[in-house]
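Subject: Structure for you to look at

Hello,

Here is the structure I said I would pass on. My notes follow below it.

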Amino acid sequence: MHAVGVIDWDRRLFDALIPLPHGTSYNAYLIRGDEKTALIETVDITKEEDLVRNLIALGVDRIDYIVANHAEQDHTGSLPMMLELFPNATVLASEKCKELLTLLLQVPAERIQAVKDGEQVALGGKTLQFFMTPWVHWPDTMVTYLPEEKILFSCDYLGSHLATSDLFATDEVTVYETAKRYYAEIMMPFRSSARSHLARVRSLQVDFIAPSHGPVYNRPAFILDAYEDWTSDAVKNEVVIPYVSMHGSTQKMVDYLCGALIRRGIRVKPYNLPYADVGEIARALVDAATVVIGTPTVLFGAHPAAVYAAYLVSALHPKTRCASIIGSYGWGGTTVNQLSEILGKMHLDIVDPVFIKGYPGEADLTALDQLADAILAKHREYGIVASQ
Ligand code: FEO
């Protein structure tokens with residue numbers, strides 16, 4: 001196996017949505033059999049010249065198969081050009097991926113061979129075997145196994161947005177944090193699918209997991225064990241608090257609630273939304289038992305940043321079990337109802353919000369202590385804090 005993908009050191013945003021503080025890579029791999037040569041994935045269209053350069057460096061003058069494990073353009077943007085350069089190449093993809101490639105990239109259907117779960121393609125002394133792994137994170141996703149070298153090419157699944165010159169995940173501390181963030185942003189909305197495919201991967205003899213973003217795992221248990229943890233139903237004794245404050249009332253409430261929770265032995269992760277990195281919030285939501293959104297009232301409703309945070313929580317669909325709302329208003333509004341409606345889609349345990357008029361006084365701080373007590377009681381109910 002030869003790594004022929006490209007590192008994108010400078011990319012800072014994905015899907016016009018996800019911040020990439022550590023850049024990313026578009027991994028592609030060349031497999032040479034005795035008779036046929038296969039390219040696993042291509043790269044983002046902005047990097048197609050680099051892919052060509054990497055193939056030239058290896059003296060590649062023929063590609064028989066291009067495996068597209070997933071149709072998203074960061075892996076297939078260069079596919080049309082590859083098919084022009086290698087006119088005899090056939091794309092191997094799932095049935096759904098075939099449909100998407102014809103739709104999104106206008107790849108001629110006759111250039112694509114749809115493969116089924118478990119199907120094998122012989123390269124001569126080497127074999128590609130395909131396993132369908134839908135919904136990690138599109139309906140088309142599959143993984144490709146190379147049994148002779150015990151490598152699993154997992155595309156997005158198990159990957160990380162990390163630009164690094166390390167081929168392997170040697171710096172496991174950094175890779176763990178970036179892979180967890182990646183899981184939170186990309187895979188968490190599909191947690192049950194991400195979990196269900198782990199058993200399939202573990203049933204194969206795998207020495208290397210080669211994703212299409214971030215380094216190759218030469219210790220597969222590292223990432224598989226992490227996914228077992230992240231995708232499990234187990235939550236941690238933590239409260240994530242995305243909040244925004246305009247004149248200090250909500251800030252005072254957040255600060256007080258943080259102290260009250262800490263005094264009760266609960267870990268807190270507050271995020272001041274105008275300055276926060278949404279990827280960090282997403283990562284914090286992977287484990288936290290509770291989320292509390294803090295907001296002032298603007299134009300009779302929640303601050304737009306708080307609406308965005310509630311929508312983000314709902315869209316990422318973490319395993320969080322409990323929620324509440326804190327904040328203040330000057331003369332009225334529908335803030336609590338507005339945010340409750342967004343969070344309500346998640347069927348969480350809702351602890352009574354603390355929504356006050358003006359700057360918090362002693363009675364309001366007492367109400368925040370009661371909120372902290374109620375959250376602690378919920379965490380006891382979940383079995384993550386010992387009962388008294
Ligand atoms: Fe890395 Fe879903 O594309």
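W331 sits in the loop that runs between strand 21 (322-329) and helix 11 (335-344). With a relative accessibility of 72%, W331 counts as exposed. Together with L299 and F300, W331 makes a nonpolar surface patch of about 490 Å². Please keep in mind that this is a predicted model.

Helix 8

Helix 8 covers residues 249-263, which is 15 residues. From its first C-alpha to its last it reaches 21 Å, close to the 21 Å expected at 1.5 Å a residue. Its buried residues are S249, T250, M253, V254, L257, C258, G259, A260 and L261. What do the buried residues of helix 8 pack against? They pack against strand 16 (236-243), strand 17 (267-272), strand 18 (288-295), strand 21, strand 23 (354-357) and helix 12 (362-381). Just after helix 8 comes G265, with a positive phi of about 80 degrees.

Helix 5 spans residues 172-187. Its buried residues include V175, T178, A179, Y182, Y183, A184, I186 and M187, and the charged residues K180, R181 and E185 are buried there as well. The cover over the buried residues of helix 5 includes strand 4 (18-19), helix 6 (191-203), helix 7 (220-231), helix 9 (278-285) and helix 10 (304-316).

Side chains of opposite charge can pair when their charged atoms come close. The count of salt bridges in the model comes to 25. I went through three of them.

One is between R283 and E177, where the closest N and O atoms are 3.1 Å apart. R283 belongs to helix 9 and E177 to helix 5, so this pair ties together parts that are 106 residues apart in sequence.

Another is between K180 and D287, with the closest N and O atoms 2.4 Å apart. K180 is in helix 5 and D287 is in the loop between helix 9 and strand 18, so the pair ties together parts that are 107 residues apart in sequence. Both K180 and D287 are buried.

The next is between E228 and R202, where the closest N and O atoms are 3.0 Å apart. E228 lies in helix 7 and R202 in helix 6, so this pair ties together parts that are 26 residues apart in sequence. E228 is partly exposed, with a relative accessible area of 26%, and R202 is also partly exposed, with 37%.

Backbone details

The peptide bond that joins V136 and H137 is cis, with omega at about 10 degrees. H137 is in the loop between strand 12 (127-132) and strand 13 (142-146).

Q106 has a positive phi, near 55 degrees, and is a residue other than glycine. Its place is in the loop between helix 4 (95-104) and strand 10 (112-114). Q106 is exposed, with a relative accessible area of 66%.

K150 also has a positive phi, about 55 degrees, although it is not a glycine. K150 is found in the loop between strand 13 and strand 14 (151-155). At 29% relative accessibility, K150 counts as partly exposed.

T76

T76 lies in helix 2, residues 73-76. Is T76 buried or exposed? At 1% relative accessibility T76 counts as buried, because the cut-off for buried is under 20%. Its side chain reaches the backbone oxygen of E72 at 3.1 Å. Leaving aside neighbours within four places in sequence, T76 is in contact with T42, V43, H70, A71, L101 and L105.

Regards

Key:
Residues are numbered from 1 along each chain as its sequence is written. This is a predicted model: local features need pLDDT of at least 70, side-chain atom pairs count only at pLDDT 80 or more; totals for chains, interfaces and linings use all residues. Side-chain values use heavy atoms; hydrogens and water are left out. Patches are made of residues with over 30% relative accessible area and no salt bridge: like charges are joined within 9 Å, nonpolar side chains (Val, Leu, Ile, Met, Phe, Trp, Tyr) within 5 Å. Accessible areas come from the Shrake-Rupley method with a 1.4 Å probe; for residues, only the protein chains shown count as cover. A salt bridge is a side-chain nitrogen of Lys or Arg within 4 Å of a carboxyl oxygen of Asp or Glu. Helices (H or I, at least four residues) and strands (E, at least two) are DSSP runs, numbered from the N terminus. Buried means under 20% relative accessible area, exposed over 50%, partly exposed in between (1.4 Å probe, protein chains only). The expected span of a helix is 1.5 Å times one less than its number of residues. Contact means heavy atoms within 4.5 Å. A polar contact is a pair of N or O atoms within 3.5 Å; within protein, one must be able to donate a hydrogen and the other to accept it, and residues adjacent in sequence count only if both atoms are side-chain atoms.
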